[in-house]
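Please look over the sequence and the model before reading on.

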Amino acid sequence: MGIITTQVPQDLHIHTTFSRLDSAVVKEQTPELIGHVRHARVIGISDHFEHFSDRFDHYKKVLQKWGFHVGTEVDGAEYVDEASQLDFEYYIYHCRNRTREYQAIDRLLLTGKPVIIPHPMVLETDLNRIPPACYVEINNRYVWRDDWKRKIGPHTESFRFVMGSDAHQPLWLNQNMARYVARELGIEETLIFDH
Ligand SMILES: [Zn+2]
Ligand SMILES: [Zn+2]
């Protein structure tokens with residue numbers, strides 16, 4: 001019998017060596033490696049916008065070569081106008097707890113592309129101020145460090161949710177922590193893309 005592999009349904013929060021200023025990304029975390037491991041049925045790459053935005057065409061070409069969805073992680077309002085002008089398939093948006101950061105979400109939503117709010121507890125995002133059109137991420141890297149029952153629990157009926165590994169290293173390509181939290185909260189995952 002051959003090796004049996006399992007895939008999670010979707011992972012849209014993955015970093016690669018295109019996040020060149022992120023010290024947590026190891027040099028082995030290349031698009032090619034992720035393309036070979038295929039830990040998820042639907043894979044999207046969401047490197048930090050400000051790390052590769054000057055090479056967007058190359059980024060997109062490499063990701064599409066591997067069949068990945070082309071996303072990006074946008075670090076707050078100051079990058080929103082620039083990021084919304086490039087042809088991403090979805091946005092992961094760092095929303096810190098300041099009025100201008102919440103306001104910028106509307107400009108991202110105007111693109112018509114999915115907007116995912118990642119690790120809200122790390123950034124102290126107030127989910128009461130997030131438009132329900134956004135998806136909320138259960139983040140495998142951080143969620144277990146915080147009081148997710150109290151902070152996400154009250155919002156399970158208000159949003160659609162996605163799981164994300166937020167992988168910066170090959171051994172993070174997994175979503176077990178995020179899926180445990182979602183199961184405990186009775187959250188059903190929304191699959192944004194069919195394949
Ligand atoms: Zn992040
Ligand atoms: Zn990230």
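## Elements of the chain

How many helices and strands does the chain have? There are seven helices and seven strands, where helices (H or I, at least four residues) and strands (E, at least two) are DSSP runs, numbered from the N terminus. Starting at the N terminus, the order of the elements is β-α-β-α-α-β-α-β-α-β-β-α-β-α.

The model is predicted: local features need pLDDT of at least 70, side-chain atom pairs count only at pLDDT 80 or more, and totals for chains, interfaces and linings use all residues. Residues are numbered from 1 along each chain as its sequence is written, while chains are lettered from A and ligands numbered from 1 in the order in which they are written.

## Overall size

Along the principal axes, the C-alpha atoms of the chain fill a box of roughly 45 × 40 × 30 Å. The radius of gyration of the chain, taken over C-alpha atoms, is 16 Å, which agrees with the value near 16 Å for a compact globule of 195 residues. The globule rule is 2.2 Å times the number of residues to the power 0.38.

Of the 195 residues, 41% are buried. A residue is buried if 20 or more other C-beta atoms lie within 10 Å of its own, exposed if 12 or fewer, and partly exposed in between, with C-beta atoms placed from the backbone.

## Helix 5

Helix 5 covers residues 99–109, and A104, I105 and L108 are buried in it. These buried residues line one face of the helix, because they fall within an arc of 120 degrees when seen down its axis; the arc is that of the directions from the helix axis to the C-beta atoms. T99, R100, Q103 and D106, on the other side of helix 5, are exposed.

What do the buried residues of helix 5 pack against? Their partners are helix 4 (80–85), strand 4 (90–93) and strand 5 (115–117), with a contact meaning that the C-beta atoms of two residues, placed from the backbone, lie within 7 Å.
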